[in-house]
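Morning, everyone. Let me put the model up on the screen, and then we go through it piece by piece.

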Amino acid sequence: MNKETAIKDIEFIKNQIELSKKKLLVMSYDAVYWGIIVFIGLMYSYFEALYRFGYYSFYVWISIIFIGWGFQYYHEKFGKRVRIRTFSSKILNSVWVGAGVTMTLIALSSMLTYSTNKFVNPIAIAPLIGLVLGMSYFVTGVLTESKVMIFFSIIWWISSFSMLFITSIHILPSFASLILLLQVIPGIMFNRKNRFE
């Protein structure tokens, strides 16, 4: 490989990383709205279990899943989004869509099977989803060279692994706090920061 080819390759890689950072801005909107609706669902489930005022969590979560994916689809197809089509943005999209499907299936497997065969305890949903989020944040951080995302992934992994040993319903507000601190608030701050750049 000659020097000119190496320089072109390095420039191409730098360009891909910069475009991936722009894709991260687009994805931060998704992180904020998913974070908000999941926070609402977690707190509803917590108060319902704590005060035993009904058994509607299943319907709340099914609604959240449909609303979330419906909004995601609408936002992708009809929203005024910046279309960034690079190899690394395709990887980012794939990681987050794959993570979203995995998290949805974890939640659904627990909701649909726990009453019959105790397959996945509903208390374990939060830490299992947190581990998936840790992986997604890590890959995103590596692709966009974001040390903050990598740091958040480590926090997701440590806190979620720790939560696997908690069998109390109080895991729900703890996980809701992580959603706010590691997803919603940074997403809002990231959007504001980039709006003024």
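A term before we start: buried means under 20% relative accessible area, exposed means over 50%, and partly exposed lies in between, with a 1.4 Å probe and protein chains only. This is a predicted model, where local features need pLDDT of at least 70, side-chain atom pairs count only at pLDDT 80 or more, and totals for chains, interfaces and linings use all residues. Residues are numbered from 1 along each chain as its sequence is written, and side-chain values use heavy atoms, with hydrogens and water left out.

Overview. Helices here are DSSP runs of H or I with at least four residues, strands are runs of E with at least two, and numbering goes from the N terminus. The protein has 6 helices and 0 strands. Along the sequence that reads α-α-α-α-α-α. Of the 197 residues in the protein, 41% are buried.

Now the aromatics. Rings of Phe, Tyr and Trp (for Trp, the six-membered ring) pair if their centres lie within 6.5 Å; planes under 30 degrees apart are stacked, over 60 edge-to-face, and the rest tilted. That rule gives 11 aromatic pairs. Take Phe47 and Tyr51: the ring centres are 6.1 Å apart and the planes sit at 10°, so this pair is stacked. Both belong to helix α1 (residues 3-51), and being 4 residues apart there, they are separated by about one helical turn. How accessible is Phe47? Its relative accessibility is 35%, so Phe47 counts as partly exposed. Tyr51 has a relative accessible area of 57%, so Tyr51 is exposed.

Compare Phe151 and Phe152. Their ring centres are 6.3 Å apart with planes at 45°, so that pair is tilted. Phe152 is buried, at 13% relative accessible area. There is also a cluster: ring pairs link Tyr33, Trp34, Trp69 and Phe71.

Next, helix α2, residues 57-78. The expected span of a helix is 1.5 Å times one less than its number of residues. With 22 residues, α2 should span 32 Å, and its end C-alpha atoms are 31 Å apart, which agrees. Which residues of α2 are buried? They are Ser57, Trp61, Ile64, Ile65, Gly68, Gln72 and His75.

Last, a helix pair. Two packed helices are described by the angle between their axes and the distance between the axes. Axes are lines fitted to C-alpha atoms, for helices over the stretch in contact, and angles run from 0 to 180 degrees between N-to-C directions. The axes of α4 (residues 125-144) and α5 (residues 147-163) come within 8 Å and cross at roughly 165°. So α4 is roughly antiparallel to α5, the label for angles over 145 degrees.

The individual helices, then. α4 has 20 residues and reaches 28 Å from first C-alpha to last, close to the 28 Å expected. Glu145 follows α4, with a positive phi near 55°. α5 has 17 residues and reaches 24 Å, close to the 24 Å expected. Its buried residues are Met149, Phe152, Ser153, Trp156, Ser159, Ser160 and Met163. Seen down the axis of α5, they fall within an arc of 145°, so they line one face of the helix. On the other side of α5, Lys147 and Ile158 are exposed.

Terms used: Angles under 35 degrees count as roughly parallel, over 145 as roughly antiparallel, 65 to 115 as roughly perpendicular and the rest as oblique. The arc is that of the directions from the helix axis to the C-beta atoms.
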